[in-house]
Amino acid sequence: QVQLVESGGGLVQAGDSLRLSCAASVSAFRFHYMAWYRQAPGKQRDLVAGIATDGSTNYADSMKGRFTISRANAKNTVYLQIDSLKPEDTAVYYCKDSSLGLWGQGTQVTVSS
């Protein structure tokens with residue numbers, strides 16, 4: 001079954017760090033453009049970062065600095081490292097295989113002040 005499964009979210013305190021993972025059950029993962037999005041309560045889903053097959057990255061302007069996207073093609077996994085978490089980072093974080101238009105189910109990140 002083709003799917004994306006996110007993990008690593010949870011309840012953390014401001015200033016903590018988290019690493020989110022997205023495991024992809026897709027063939028030829030290494031050829032796919034992958035991305036992370038987030039959706040805060042009552043808001044639209046926004047791009048956080050994307051990573052191409054060659055490892056080049058792209059970040060939304062508001063996400064530069066504390067977010068790091070990476071991938072491990074041998075593990076069919078893409079990661080999102082979030083440092084110095086803030087309460088405004090509270091959201092559901094979604095992984096997307098942009099090459100397939102496939103979304104994961106999301107992982108909740110809640111940051112307490």
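**Close-up views of a predicted model**

**View 1. Strand 1 against strand 3.** Strand 1 and strand 3 (residues 18-25) run antiparallel and are joined by five bridges. Strands are DSSP runs of E, at least two residues, numbered from the N terminus. Two strands pair if DSSP finds at least two bridges between them. Leu4 has Ala24 in strand 3 as its bridge partner. The model is predicted: local features need pLDDT of at least 70, side-chain atom pairs count only at pLDDT 80 or more, and totals for chains, interfaces and linings use all residues. Residues are numbered from 1 along each chain as its sequence is written, and side-chain values use heavy atoms, with hydrogens and water left out.

View 2. Four strands form an open sheet in the order 1-3-8-7, with antiparallel pairing. Strand 1 (3-7) and strand 7 (67-72) are the edge strands, each pairing on one side only.

**View 3. The aromatic cluster.** Tyr37, Tyr94 and Trp103 form one aromatic cluster. Rings of Phe, Tyr and Trp (its six-membered ring) pair if their centres lie within 6.5 Å; planes under 30 degrees apart count as stacked, over 60 as edge-to-face and the rest as tilted. The structure holds two aromatic pairs. The Tyr94 and Trp103 ring centres are 6.3 Å apart and the planes stand at 90 degrees, so this pair is edge-to-face.

**View 4. Charges over rings.** A charge sits over a ring if NZ of Lys or CZ of Arg is within 6 Å of the ring centre and within 35 degrees of the ring normal. Arg45 places its charged end over the ring of Trp103, 4.6 Å from the centre. Arg71 lies over the face of Phe29, 4.7 Å from the ring centre.
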